Amino acid sequence: MTHFFEILGKFDTESDCHKLLYAPHPLPLKYREGRLYKIEFEGDAEALTAFVQRVLIDSISQEARTGGQPAFEKAAFVLEYGMKGAALDLEKEMILNYYRSMPNPAFELKKLTLRTRIYVFGEGAEPAQFVRDIVNPAIHTHEVLKVA
């Protein structure tokens, strides 16, 4: 089975896109960020959910959405990117190490994929500059999702 968990900040708000880009953008665009965990597993789905809530979510400042669909429908587009398979992903390795240290997890983690989602809001927003300035093609894979 495959489950998706997107972790979002409960108190985050839309921020100015200039923080993300090397050169100023001519439009007044905003963004929000989320972290998507794609988990392929066998076994107890409730045990997996409990693992995610214990290990990946700060219950005070974060919330999780399930299903993998983009969280914000009013986004002009979503830039989703993550590490290539051969690149070192320290967060992924620490999650896997924690999982391996569990005496009886009640599920078998087959594959873990981590992706960052950047939701861009604003009329006329186009992904080209965001892909160029955020994605490093040597270490990242990426996809642009059209929402609006």
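This is a predicted model: local features need pLDDT of at least 70, side-chain atom pairs count only at pLDDT 80 or more; totals for chains, interfaces and linings use all residues.
Helices (H or I, at least four residues) and strands (E, at least two) are DSSP runs numbered from the N terminus. Helix α1, residues 45–55, packs against α2 at an angle of about 125 degrees, with the axes 12 Å apart; axes are lines fitted to C-alpha atoms, for helices over the stretch in contact, and angles run from 0 to 180 degrees between N-to-C directions. The two helices are therefore oblique to each other, since angles under 35 degrees count as roughly parallel, over 145 as roughly antiparallel, 65 to 115 as roughly perpendicular and the rest as oblique. Contact, meaning heavy atoms within 4.5 Å, is made by F51, R54 and V55 in α1 with I95, Y98 and Y99 in α2.

The largest pocket is lined by 23 residues, of which M83, L112, T113, L114 and R115 lie nearest its centre. A pocket is an open set of points on a 1 Å grid over the protein atoms alone, where a 1.4 Å probe fits, with protein on both sides within 12 Å along at least five of seven lines, and lining residues have an atom within 4 Å of a point. Strand β6 gives the most to this lining, with 6 residues.

Residues are numbered from 1 along each chain as its sequence is written. Local features need pLDDT of at least 70, side-chain atom pairs count only at pLDDT 80 or more, and totals for chains, interfaces and linings use all residues, while side-chain values use heavy atoms, with hydrogens and water left out.
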